[in-house]
Every structure is written in structure tokens, then in C-alpha cells.
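Student: I have a new structure to look at, and I would like to know what the words used for it stand for. Could we go through it together?

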Amino acid sequence: MIKAAVDHIATAASQGAQVVCLQELFYGPYFCQVQDADYYSYTEAIPDGPTTKLMQEVAERHGIVLIVPMYEVEQPGVYYNTAAVIDADGTYLGKYRKNHIPQVQGFWEKFYFRPGNLGYPVFDTAVGRIGVYICYERHFPEGWRALGLAGAKIVFNPSATSRSLSQYLWRLEQPAAAVANEYFVGAINRVGVEPLGDNDFYGQTYFVDPRGQLVGDAASDTDDEVVVRDLDLGLLDEVRNQWAFYRDRRPDTYGPLAEA
């Protein structure tokens, strides 16, 4: 999986990509379909582990920003669903730890991950300010908003999501979040059925602009695919000047939301 990802990054870079986001827990199967402590062995340190170090070299080689979702160990027994963010010169910029952790059939994530404790950071990269929000979190509008308030221009949502549970939401939630928060969203998903369960991951990776419109077509729902799209960041000012959602927010009235 790591070799395949490195090859796909090279392909994207050869097509002019300036930033690449890999799928959730990219270097192996989506093991959360089962509850098995053997998969704790998939953890590694971030940024001192081998995969982060390798991806720093890959980023520098291609001059490309990378979002690299991995299974992180902070200390023995303390594990997170994490994405490392690496700048185009290979500099490690930081990490995002998934805050919202599901525990439903086929997605037994609380067995593997503690909830994130780093808030909702936004990273200053060679392509602008980038945020990360992971898979299940797309159901929670608060984190999308926090990333927008922190200045994100693009938010990537690397996922492992299957047909039986939430496919009908896939084309609703990320475009809605892009509109509500006036930024671009990259929605990434794996494809196929893996040996650990019957989850049928439906792919359909896409980019959506701050008007909620897809940028080009979504990817295949059955085959691996490298999706490269041109995002016009100048559209952000146009949309924000037109709709002015940030101007018209009323945070002074929202206190009970955080108290409930």
C-alpha cells in the first residue's frame, strides 16, 4: 500500500498536482471492521515514524504538499486516527487527530482510537491554508465551521465509507459544508471489499467548490483512481463577498450550543 501510494503521488505530481491527500489509514486495510488487538501493531509514531519520514522525502522530491492519514501511537496503549501534513519542501508541519470516533457495526473505531486532543488546526502550506477532517466527522458541522474560522481555504476529508451505511450522504454533506463555510472540500474514499468484512467502499472521490458544485466528475465507485483537479482559489473571495456568511454569523447567540 505504501509503494502504491508513492507511485500514485508521482503520477499526480506529473499531472501538475501541488497537493495530494491519501485515503484514511492509507497503508493497510480498514481494520476497524473487526475488533482485534493484533492491529495495534499498525501504529507508528508521527512524525518520528518511518512512514512520515518517507513521505517527507517524497514531498520534497516532487515539490508537493502531502496529507498522510495513519494510525498513530503517542505512547503504549494510546492510539489516534491521525493525518500528518507535510509541506512541499518536505517540512513536517503538524498533524490532525480525528476528534469524532464512531462505534457502529463495521466501524468499531473506539476499540482502536482515542478521540483527538489537538483541536482543529489549519496548516500554512505552499498552496495555502489547509484543514483536515476525517471520515465520520463530516456528519458534524461544528468542526467544518471551526476550520473555516481558522482560515482554511481547502479542507480534505479522507474517508473509509461504505455503500450500506451512508452513501446517500456522500454527495450531500461535503458540498453543504463547502457552501456553509465558503471553502473547497476534497472528499477522498477507498474502493472495494476487503478481506476483513463485507463493507463495500464506494470510492467516488471528488472536489467541490464553495458554491457546492463538483469540480469535474467524481471518481469511479469501483476502481482505484488518481483524481487531479484545478481549484481556483480566487473563487473564495468572490463567493465570500457575494454571500458574506462570516459577516452575518451570530456567535453571540450560539452559547447554548456548546453548553448542551
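Tutor: Gladly! Let us begin with a term: contact means heavy atoms within 4.5 Å. This is a predicted model, where local features need pLDDT of at least 70, side-chain atom pairs count only at pLDDT 80 or more, and totals for chains, interfaces and linings use all residues. Residues are numbered from 1 along each chain as its sequence is written, and side-chain values use heavy atoms, with hydrogens and water left out.

Student: What do the buried residues of α1 pack against?

Tutor: They pack against β1, α2 and β2. Helices (H or I, at least four residues) and strands (E, at least two) are DSSP runs, numbered from the N terminus.

Student: Which residues of α1 are called buried?

Tutor: A5, V6, I9, A12 and A13. Buried means under 20% relative accessible area, exposed over 50%, and partly exposed in between (1.4 Å probe, protein chains only).

Student: How does the span of α1 compare with the expected one?

Tutor: The expected span is 1.5 Å times one less than the number of residues. Helix α1 (residues 2-14) has 13 residues and reaches 18 Å from its first C-alpha to its last, close to the 18 Å expected.

Student: How do you know that β1 pairs with β2?

Tutor: Two strands pair if DSSP finds at least two bridges between them. Here 3 bridges join β1 to β2 (residues 65-75), and the two run parallel. C21, for instance, stands opposite I67 in β2.

Student: In what order do the strands of the open sheet come?

Tutor: The 4 strands follow the order β1-β2-β3-β4, with mixed pairing.

Student: Why are β1 and β4 said to stand at the edges?

Tutor: β1 (19-21) and β4 (92-97) each have a single partner strand, so one side of each is left without a neighbour in the sheet.

Student: And what makes E109 buried?

Tutor: E109 has a relative accessible area of 1%, and the cut-off for buried is under 20%, so E109 is buried. E109 is found in the loop between β6 (107-108) and β7 (122-125). Leaving aside its neighbours within four places in sequence, E109 is in contact with several residues, among them E24, Y30 and K98.
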